[in-house]
Amino acid sequence: MMTDTKIGVFLCKCGNEIAPLIDLPRLYSTIQPEADYCEILSFPCLQPGLEKIMSAAAANRLNRIIIAGCEGRTMLKKFETALEPVDILKGQIDMVNLHSHVAAVSDKSPLEKAAKAAKLITASIAEMRVLKATEQERARIDGPVVVVGNGISSFPAVQKITEAGIECMLSVPEADPDKIIRNLHLSYPGERTHYDRLKTLIKDTMGSKNLTVFEHSRLTELVGVTGNYTLTFTLQNGQEETVKAGAIIAALDAELSPPGPEFGYDGCSVLIQSEMEEHITRNGTPKGQVVFWISDYEYGTPEHATLSAKSAWTMAMHMKACSPETNVMIFHNEKMAIPLTGAERAVNRKAQIAWIPYDNAVRPSVQDGYVTFCNLRDHVEHELAWDFLVLSPKRGISGEAKTTAKILGLVHRETPFLTGHHAKVRPEMIGREETYLAGSARYPCDLQEALNQGRKAGIRNVEMIEKSQAAQLLVPRIVCVVDPDKCVACGQCQELCDCGGIGIEMLSGGLPRVVDPMLCTGGGTCAAACPYGALVLQNNSTDQKEARIAALSRLMEPDEVVAMACVWGGLPAADNAHRRKMSYDPRTHILGIPCVGQIDPAVMARAFLEGAPGLLLIGCLPEECHHSYGIDHAWNRVNLIKKLFDLCGFDRRRIAIAHADMNKPEEFVKTVDAFNALIAALGPIPKTQANLDNLASIYQLCKYNTRIRTLLSVALRRPWEKTYRGDQRHALEFDRDFTAAIEEEFDFAESALNEPAFYRYA
Amino acid sequence: MITFTINDQQVTAKKGWTVLETAREYGIEIPTLCHHPAVKPSGACRLCMVELKEKGWSKLVASCIYPVAEGISIYTETPRVHNVRRWILEMLLASCPGSPEISTLAQAHGVVSTRFKIHDPSQTCMICGLCQRICEEVVGLSAIAVVDRGVHKKVGSPFMRPTDVCVACGCCLTVCPTGAMQNIFDTVRGEPKMPLTQLAM
């Protein structure tokens with residue numbers, strides 16, 4: 001299908017929004033010779049305009065479309081949908097925002113604005129020229145679905161999958177429904193009322209003909225990508241068993257553990273809810289005074305209080321029903337709202353279960369046989385007598401569940417619970433539609449909710465497999481691919497990637513990484529961090545960005561600034577600045593990028609090599625990267641350029657990284673105005689031969705020096721950030737070592753400038 | 001090809017186009033608020049009303065959702081259209097008095113005050129549902145919706161609490177015609193973990 005690149009540029013008049021402000025005929029005459037086709041349309045976004053684009057594309061055999069009008073964030077999808085039938089796919093359409101970034105920014109003359117617009121469009125054309133568009137791939141995911149993790153939500157998930165006639169495998173420590181139910185209270189206390197129905201569900205599920213059960217087995221290894229997983233289970237006798245699977249569901253339950261000694265926990269009279277239930281099962285309902293203390297506020301996790309209170313209440317009701325002489329009360333923080341419905345409150349009154357609130361300001365202290373608390377009404381410290389003090393459990397994921405989660409790549413952040421995806425991106429950017437995580441390990445929940453999650457995970461998997469069988473499951477077009485010839489299996493990308501999209505395909509032989517295209521979110525931080533250039537973000541590659549920034553930088557005036565704005569922070573802030581009728585320095589030339597993290601240091605160096613006097617990277621808010629800490633990785637790369645500038649005697653301030661909140665465009669305006677003023681004051685880098693040579697060496701070093709690139713990718717985050725705690729070193733020490741390495745390599749690069757091939761890896 | 005007239009100017013359109021699309025293609029301005037090219041039109045705000053004359057009858061239609069038909073005559077600037085536009089703007093001035101976008105637009109059409117009762121002088125949202133449509137159709141999520149019924153109707157996330165469904169792409173913020181989303185946005189995506197400190201000017 002590879003034919004010549006034919007680029008069509010469509011300039012939008014947008015009624016009175018663009019046409020009177022930008023000299024479109026002038027713009028047309030500048031762009032027309034560069035593109036293969038150029039046309040001015042009234043409204044390319046409306047049906048008449050779309051039809052004109054389609055007929056122009058067909059008549060001129062265009063395969064790249066640039067629409068210069070408004071923001072791509074909202075409009076691009078419409079063009080992609082409309083142009084898909086004529087084989088112009090995502091990635092082959094680009095939008096330049098004349099509306100927000102040129103027309104509305106300032107009160108310059110239409111002629112001057114046309115010149116700025118021409119620069120931005122020329123850059124876009126340059127990017128489109130080097131785009132290597134791929135064909136649309138379809139994902140193939142067949143059964144079987146493997147359900148691992150021993151959680152109770154396995155059963156509804158299995159039920160839904162086997163019902164749909166899809167083969168399913170289940171790994172459980174115990175296949176006997178009675179034994180499963182017997183131990184359920186250890187994860188879900190106070191759920192006895194559901195046991196009968198649950199037992200029926202487990203029995204039905206276990207009897208299904210499409211199900212294979214692995215008893216007493218442990219997941220020890222997982223390799224492969226969505227649609228083609230290989231899982232290794234270790235059986236009880238030490239033997240290993242390997243199974244192939246199309247999809248995986250992790251059903252994981254959180255573990256309940258006792259609190260620290262300050263609560264007087266001893267496991268017999270002061271105990272946690274799950275242990276109380278065990279006590280009831282073994283010895284019957286205890287007599288005397290039982291106090292359920294909803295101690296979640298004291299653990300620092302008030303969000304779990306309602307859940308604990310609900311299980312306490314169910315257990316209390318059960319105890320009252322079994323043994324009326326037991327005196328049960330629920331002792332709770334006044335800040336917690338009692339989680340009972342009207343009808344439940346009536347039942348509660350009849351059963352005479354007291355809910356005793358205590359003042360949040362005074363922490364209750366446990367004594368032998370008593371717990372003291374401050375009463376809200378009289379502010380007197382009262383004592384509550386107990387024979388059994390039942391504390392809330394501490395919830396978290398540990399042990400077996402955590403090991404399984406780690407193998408499945410579900411542990412992302414240092415939170416006590418698991419998240420399916422770290423990435424916060426549009427659903428279309430992640431190919432896999434199913435939820436593959438269910439149970440209370442996601443977030444604390446009751447049994448009903450866990451079962452619902454399991455059911456949902458099952459249904460989603462069935463839908464996904466059916467879609468794939470109908471050949472309708474598309475692989476996202478902007479995902480990373482690994483060049484196995486270049487990959488040296490250093491594993492850096494895997495370390496950086498938070499979407500869990502990078503793995504290894506087989507366990508034997510060389511270990512080049514593979515990308516799971518159904519999990520990759522297209523963040524590209526990993527691609528820009530690869531020391532060997534082995535990872536490429538397809539349809540949005542570093543080459544493309546380099547071409548774009550080079551074309552734009554070549555056209556920069558001495559006081560103009562290139563700004564790369566991330567689509568989750570800087571770009572919407574710029575768009576919203578226009579919506580709120582703000583104006584900012586028109587010398588800012590904004591290039592929209594999906595994530596600051598995907599900007600390779602070579603792209604930054606290229607901008608200066610081609611003549612840009614300043615480069616500003618505007619990312620999202622700190623700690624809110626939608627991909628994998630992109631802005632933090634970009635920080636390290638900017639740092640590299642600054643150090644190199646120091647070596648060459650250029651001003652370090654020519655490159656900067658900034659944060660923008662899309663809902664605070666006024667702050668964005670301050671950012672760009674301040675940077676523009678700075679660059680205007682600095683002036684351009686004088687174009688002497690020595691400077692040009694230096695810039696060329698900087699570029700060479702950023703692009704090809706594997707030592708520096710490796711150092712960059714292992715630096716991970718900034719010294720003070722804690723997410724990759726183990727990898728942080730003494731800030732100053734690290735910086736000095738890094739500077740020393742850069743100096744060494746830079747001298748080397750200067751001497752080898754005339755032989756760049758020397759630096760290229762095989 | 002369908003031939004009809006807009007303001008007595010003969011225009012041609014294709015099946016499936018709306019009156020608004022055809023008018024804009026021919027450079028005829030019709031004011032809109034809830035219309036956005038990225039999503040399907042919904043005809044919520046009624047500001048794009050035009051007069052349609054057919055076989056001696058005349059009626060007002062919302063041009064953003066009215067499909068073109070052979071031989072109809074559309075008028076965008078008749079007294080009847082101006083009248084209804086001004087009424088709509090007057091009502092909008094009462095329902096979202098806090099929105100500078102609405103007051104500017106109203107002023108441009110000669111409406112400077114309203115005879116309707118203003119319930120909440122700070123209200124900026126006109127509940128056109130454009131944010132909901134863009135979230136659903138373009139982003140592919142349903143993080144935001146029009147909740148409650150009747151006079152209690154408002155825009156927000158479920159239970160008016162920050163939702164995990166929202167990916168904070170800001171599409172709703174960009175398309176909001178009255179600027180109301182600025183106030184709602186943080187309750188949908190959640191307050192930023194590390195907000196930018198704003199210096200008092």
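Lys199(A) is partly exposed in this predicted model, with a relative accessible area of 26% (buried means under 20% relative accessible area, exposed over 50% and partly exposed in between, with a 1.4 Å probe and protein chains only). The side chain of Lys199(A) meets that of Asp178(A) in a salt bridge, at 2.9 Å from N to O; the term stands for a side-chain nitrogen of Lys or Arg within 4 Å of a carboxyl oxygen of Asp or Glu. Lys199(A) belongs to helix H8 (residues 195-206) of chain A and Asp178(A) to helix H7 (residues 177-182) of chain A, so the pair ties together parts that are 21 residues apart in sequence. Asp178(A) is also partly exposed, at 40%. Helices (H or I, at least four residues) and strands (E, at least two) are DSSP runs, numbered from the N terminus.

The model is predicted: local features need pLDDT of at least 70, side-chain atom pairs count only at pLDDT 80 or more, and totals for chains, interfaces and linings use all residues. Residues are numbered from 1 along each chain as its sequence is written, chains are lettered from A and ligands numbered from 1 in the order in which they are written, and side-chain values use heavy atoms, with hydrogens and water left out.

Arg182(A) in H7 pairs with Glu278(A) in helix H9 (residues 273-283) of chain A, so parts that are 96 residues apart in sequence are tied together. The closest N and O atoms of Glu278(A) and Arg182(A) are 3.2 Å apart. Here Glu278(A) is buried at 16% relative accessibility, whereas Arg182(A) is partly exposed at 33%. Elsewhere, salt bridges with shared partners join Glu546(A), Arg554(A), Arg606(A), Glu610(A) and Lys703(A) into one network. Over all chains, the whole structure holds 37 salt bridges.

Turning to the interface, 3 salt bridges are counted between chain B and chain A. One salt bridge joins the side chains of Arg189(B) and Asp661(A), at 3.0 Å from N to O. On the chain B side that touches chain A, helices H1 (19-25), H4 (130-139), H5 (171-175) and H6 (181-189) each supply at least two residues. The contact (heavy atoms within 4.5 Å) takes 39 residues from chain B and 43 residues from chain A. About 3,600 Å² is buried between the two chains, with carbon and sulfur atoms giving 54%; buried area is the accessible area (1.4 Å probe) that two parts lose on being put together, summed over both. Within chain B, Glu25(B), Thr174(B) and Leu196(B) lose the most area to chain A, together 19% of what that side buries.

Rings of Phe, Tyr and Trp (its six-membered ring) pair if their centres lie within 6.5 Å, and planes under 30 degrees apart count as stacked, over 60 as edge-to-face and the rest as tilted. The ring centres of Phe214(A) and Phe233(A) are 5.1 Å apart and the planes lie at 20°, so this pair is stacked. Phe214(A) sits in strand S7 (residues 211-215) and Phe233(A) in strand S9 (residues 228-235) of chain A, 19 residues apart. Both Phe214(A) and Phe233(A) are buried. In chain B, the rings of Trp87(B) and Phe116(B) have centres 5.9 Å apart and planes at 65°, so that pair is edge-to-face.
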